[in-house]
Amino acid sequence: MAAEQSAVSAARPPPVVPLLPRGRDGAALRAVPLGAAGAPSEAAVEHFLKAGRLAARDGAEIRWWHAANSRRRAREAARSAVHMVEADVLLRGGRGGDGDPIMAHPPETDSDITLQEWLEEMAGTDKGIKLDFKSLDAVRPSLELLQLVKPCLERPVWLNADVLPGPNGINAVVDAEGFLEIVTSFFPDVTLSLGWTTGWHPEQHNEGMNYQFSTAKLPDATSWSLLSQ
């Protein structure tokens, strides 16, 4: 997973903008408020300093809630004191699926919460969000949802995908060129969190990160180095 830091706080109720009138299954979609002080591309540390949630300019003080991939965990994260909430996104049915974007981590292919419902849960909080895409298929329909609330996405928003193979990783990488093309067409200034597939396997030698992995190149030939895993 790539480096992490960012989030939000609002003294007044955020504005409300309507999402699509109906989801893929025909169910009505409710309005989703996603406003607050700050901006999606604003550095997390600066954002939380302005919001009064950090005492000093120290990214290590930003607290995270990972894998908020169920209704229960999303609700707990929303009510917690963390700054940032991370969850995984794929299409219902898994890779190649044609369902709505849901919050789940492979090998799971279903969830009790969709991305649209997850956004509603986070809407009234002071949390920044990080969406970790597990397949390229899930990116465009997910960003279409975010695009509809773009005027009110004034909180740190991170978009993540593991786009390069890393040590001991068994999951397929998300196509880097496709991911960057789709994301930048919707949100050219959003914070990108790009990572490597990694893994750990008991009772066998596990290769560590090395120079070859940490200086891997993206499609535009710009090298990027390891920040954190």
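Is the crossing in which helix H2 passes helix H3 left-handed or right-handed?

Author: H2 passes H3 in a right-handed crossing; a crossing is right-handed if the near helix is turned clockwise from the far one by less than a right angle, and left-handed if anticlockwise. The contact is made by Arg 71, Ala 74, Arg 75, Ala 77 and Ala 78 on the H2 side, and by Glu 117, Trp 118, Glu 121 and Met 122 on the H3 side. Contact here means heavy atoms within 4.5 Å. By class, these residues comprise five nonpolar, no polar and four charged. Ala, Val, Leu, Ile, Met, Phe, Trp, Tyr, Cys and Pro count as nonpolar, Asp, Glu, Lys and Arg as charged, and the others, Gly among them, as polar.

Some conventions apply throughout. The model is predicted, with local features requiring pLDDT of at least 70 and side-chain atom pairs pLDDT 80 or more, while totals for chains, interfaces and linings use all residues. Residues are numbered from 1 along each chain as its sequence is written, and side-chain values use heavy atoms, with hydrogens and water left out. Helices (H or I, at least four residues) and strands (E, at least two) are DSSP runs, numbered from the N terminus.

The axes of H2 and H3 come within 9 Å and cross at roughly 20 degrees. Such axes are lines fitted to C-alpha atoms, for helices over the stretch in contact, and angles run from 0 to 180 degrees between N-to-C directions. The two helices are therefore roughly parallel to each other; that term covers angles under 35 degrees, whereas those over 145 count as roughly antiparallel, 65 to 115 as roughly perpendicular and the rest as oblique.

H2 spans residues 71–79, and Ala 74, Ala 77 and Ala 78 are buried in this helix. Seen down the axis of H2, the buried residues fall within an arc of 100 degrees, so they line one face of the helix. The arc is that of the directions from the helix axis to the C-beta atoms.

Ala 74 deserves attention within H2. Its relative accessibility is 0%, so Ala 74 counts as buried; buried means under 20% relative accessible area, exposed over 50%, and partly exposed in between (1.4 Å probe, protein chains only). Apart from neighbours within four places in sequence, Ala 74 is in contact with Ala 68, Ile 113, Trp 118, Glu 121 and Met 122. Between Ala 74 and Leu 119 there are 9.6 Å, C-alpha to C-alpha, although they are 45 residues apart in sequence.

In the loop between E3 and H2 lies Ala 67, which has a positive phi of about 55 degrees although it is not a glycine. With a relative accessible area of 30%, Ala 67 is partly exposed. In the loop between strand E5 (101–103) and H3 lies Pro 107, joined to Pro 106 by a cis peptide bond with omega about 15 degrees. In general, most residues other than glycine have a negative phi, and most peptide bonds are trans.

Met 103 belongs to strand E5 and counts as buried at 1% relative accessibility. Beyond its neighbours within four places in sequence, the contacts of Met 103 include Ala 68, Ile 113, Leu 115 and Trp 118. Met 103 and Ala 87 lie 6.4 Å apart, C-alpha to C-alpha, and 16 residues apart in sequence.

Of its 229 residues, 48% are buried.
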